[in-house]
Amino acid sequence: MTAFGFPAGITVTVQRQTEDKWGNFTTTVEFPIGPCGIDYTSSTEQTEQRDTVTRLATLYTPPGSDIRAPDRVLLPDGSRWSVVGHPADFTQPLTGWNPGMTVTLQKVDG
């Protein structure tokens with residue numbers, strides 16, 4: 001079976017981070033994934049203590065993409081998003097067809 005593709009999709013850069021003994025994160029590996037689709041799903045604004053905007057997006061990646069929490073994803077527009085939770089793999093149980101994976105991304109500004 002063939003995978004579903006995005007002919008006009010984007011290529012994102014995954015930044016894999018490691019934590020040192022002091023709790024500091026450093027990007028140790030960067031690699032591209034694509035073509036991907038992206039759907040900006042929601043945003044919330046909090047103004048009690050400070051102005052913050054939290055945005056969520058769903059990233060659709062090719063099957064078997066090496067992406068996981070706490071990776072960071074750099075989009076073509078230069079924005080950096082955090083991977084939230086585990087990616088979902090959509091392998092169809094009856095046929096084995098795998099159109100790809102979905103990854104929840106989050107960006108907090110402010």
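Ser 79 is buried, with a relative accessible area of 13%. The model is predicted: local features need pLDDT of at least 70, side-chain atom pairs count only at pLDDT 80 or more, and totals for chains, interfaces and linings use all residues. Residues are numbered from 1 along each chain as its sequence is written, and side-chain values use heavy atoms, with hydrogens and water left out.

Me: Why is Ser 79 called buried?
Reply: Buried means under 20% relative accessible area, exposed over 50% and partly exposed in between (1.4 Å probe, protein chains only). Ser 79 has 13%, so the residue counts as buried.

Me: What makes the link between the side chains of Ser 79 and Trp 81 a polar contact?
Reply: The term requires a pair of N or O atoms within 3.5 Å; within protein, one must be able to donate a hydrogen and the other to accept it, and residues adjacent in sequence count only if both atoms are side-chain atoms. The distance here is 2.9 Å. The side chain of Ser 79 also makes a polar contact with that of Asp 77, at 2.6 Å.

Me: Why is the aromatic pair of Tyr 40 and Trp 81 called tilted?
Reply: Rings of Phe, Tyr and Trp (its six-membered ring) pair if their centres lie within 6.5 Å; planes under 30 degrees apart count as stacked, over 60 as edge-to-face and the rest as tilted. Tyr 40 and Trp 81 are 5.9 Å apart, centre to centre, with 50° between the planes.
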